[in-house]
Amino acid sequence: MSYKAQPTTCFTGIEYNQNLLALNRWVRSATWEGLAEPNGNVSEEMVKYYADLAKGGVGMIITTCMFFDEERNGVTGFNQAGLATDEMVATHKALVDACHAEETPVVAQINHSGAAAPPFPNLVRQVFSETVPPMEMPHNVMTIEEIEAIEDGFVQAAIRCKEIAGYDGVQIHAAHGYLVNQSLSDLTNNRTDKYGEDRTLFLCNIACKIRAAVGPDYPVLMKLNGDDCLHEGELQIEAKGHTIAQSVEIIKKLVDVVDTVEVSGGSQIAGPKAMPIRKGNHYKVENQGYFKEYAKAVKQAVGDKMRVISVGGIRSVAGANQLIEGGFCDAVSMSRPFIAQPDVVNQMFADEGLKIKCNSCFKCMPYSFQNKVSIRCVKDLKE
Ligand SMILES: Cc1cc2nc3c(=O)[nH]c(=O)nc-3n(C[C@H](O)[C@H](O)[C@H](O)COP(=O)(O)O)c2cc1C
């Protein structure tokens, strides 16, 4: 399909590869929204949510992270969309069609939460080793065969996204303390077999197997922590976690496999200061792009061979321009601003000096989880 040309006052479109031309360089970063049916099917309300995003001027949408295990091991939240069966993924077609009706590309994020699953009943947390902080929840240290089965689960999910739902690409979630990120970290992977000797193996296998299954032209993206930022957290630990040096190593290995890397950071298990989703005054241009140095290191390592997206506290045209013109990245993504204003990109194009509604208070996700409601902006709620 072709995508609409859009007048932009900021920067023009970016070609991810021959099949995926984003309208402009603003990306909606993956955001769980709690709008699917409890079984993982896409609901009508969820379709409308994505249609509103697609109408709002964003260059490319990345969905919520989605689980692929039929027993729901690997979920991250309630009412989360899933990719576990052909029938489930058939319900995604309406969402994809709604985005395409607005000529907006939409990419499916595939995830397994591993040890970081929420405390839902009957879940078995799949882990690489016992070294994560002591877990009371039922968990399973995976055998090699079980690890390979999860690799294949990612691949089957990617095939369904391409062939059944018609997504424009897939994004492997390798960041934020979920299973792939756990495999990369000395905090959570102390195996003595090949998956511990080479902590990048699990991610590289997933990426290479997906590429082999979807063919050379289908966009395969990856969200990768530049660094887990354990040094910023409150854990008193020896472990370094996944570091920027390992990110660069991975990028070099996957340069012919992955089209685009979205560089994030932080780990939800190392305390509030190390979180991927950060509070702060991001209206100030100098505070925008709180993981930008990691994006820049990755960009310098790949040059033009891979597209780099920077995420984290980007809130204005000036903030985005400083990153793109400064050579930190090729595109920028945001999450929270779209919760407050689905059409935030159109609004910024109309008024480049706009002070957007999102003030990065990060009350949205805790509110949803505490009240079991879908995601919404609650910045005006009294504490
Ligand atoms: C409510 C909420 C849900 C999120 N869900 C996901 C997700 O499903 N997958 C993911 O990779 N990141 C997720 N994130 C993280 C964002 O994609 C993004 O990396 C982070 O919020 C920083 O960007 P921001 O400052 O523009 O919000 C979520 C963030 C929020 C606030």
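Modeller: Sorted by class, the shell around the ligand is made up of 12 nonpolar, eight polar and three charged residues, where Ala, Val, Leu, Ile, Met, Phe, Trp, Tyr, Cys and Pro count as nonpolar, Asp, Glu, Lys and Arg as charged, and the others, Gly among them, as polar. This is a predicted model, in which local features need pLDDT of at least 70 and side-chain atom pairs count only at pLDDT 80 or more, while totals for chains, interfaces and linings use all residues. Residues are numbered from 1 along each chain as its sequence is written, and side-chain values use heavy atoms, with hydrogens and water left out.

The shell holds 23 residues, of which A30, Q109, G313, R315 and R336 come nearest to the ligand; a residue is near if one of its heavy atoms lies within 4 Å. Helix 11 (residues 336-340) supplies the largest share of this shell, three residues, helices being DSSP runs of H or I with at least four residues, numbered from the N terminus.

A polar backbone atom of A30 is 2.7 Å from a ligand oxygen, an N or O atom in the side chain of H173 is 3.0 Å from a ligand oxygen, and for a polar side-chain atom of K223 the distance to a ligand oxygen is 2.9 Å. On its own the ligand has 610 Å² of accessible area, and the protein covers 98% of that, by the Shrake-Rupley method with a 1.4 Å probe.

The ligand sits in the largest pocket, in the sense that more than half of its atoms lie within 2 Å of the grid points. On a 1 Å grid over the protein atoms alone, a pocket is an open set of points with protein on both sides within 12 Å along at least five of seven lines, a cavity is a set where a 1.4 Å probe fits but cannot get out, and lining residues have an atom within 4 Å of a point. This pocket contains about 950 Å³ of space, the volume being that filled by probe spheres set on points joined across faces, edges and corners. Its lining comprises 43 residues, with Y178, Q268, M275, I277 and M365 closest to the centre. Helix 11 and helix 13 (364-371) are the elements that give two or more residues to this lining, and helix 13 gives the most, with three. By class, the lining of the largest pocket has 25 nonpolar, 14 polar and four charged residues.

The largest cavity holds about 90 Å³, and among its 13 lining residues R336, C358, C361, C364 and C377 are closest to the centre. R336 is also one of the residues that come nearest to the ligand, and helix 11 gives the most to this cavity lining, with three residues. Eight nonpolar, two polar and three charged residues line the largest cavity.

Conventions
A polar contact is a pair of N or O atoms within 3.5 Å; within protein, one must be able to donate a hydrogen and the other to accept it, and residues adjacent in sequence count only if both atoms are side-chain atoms.
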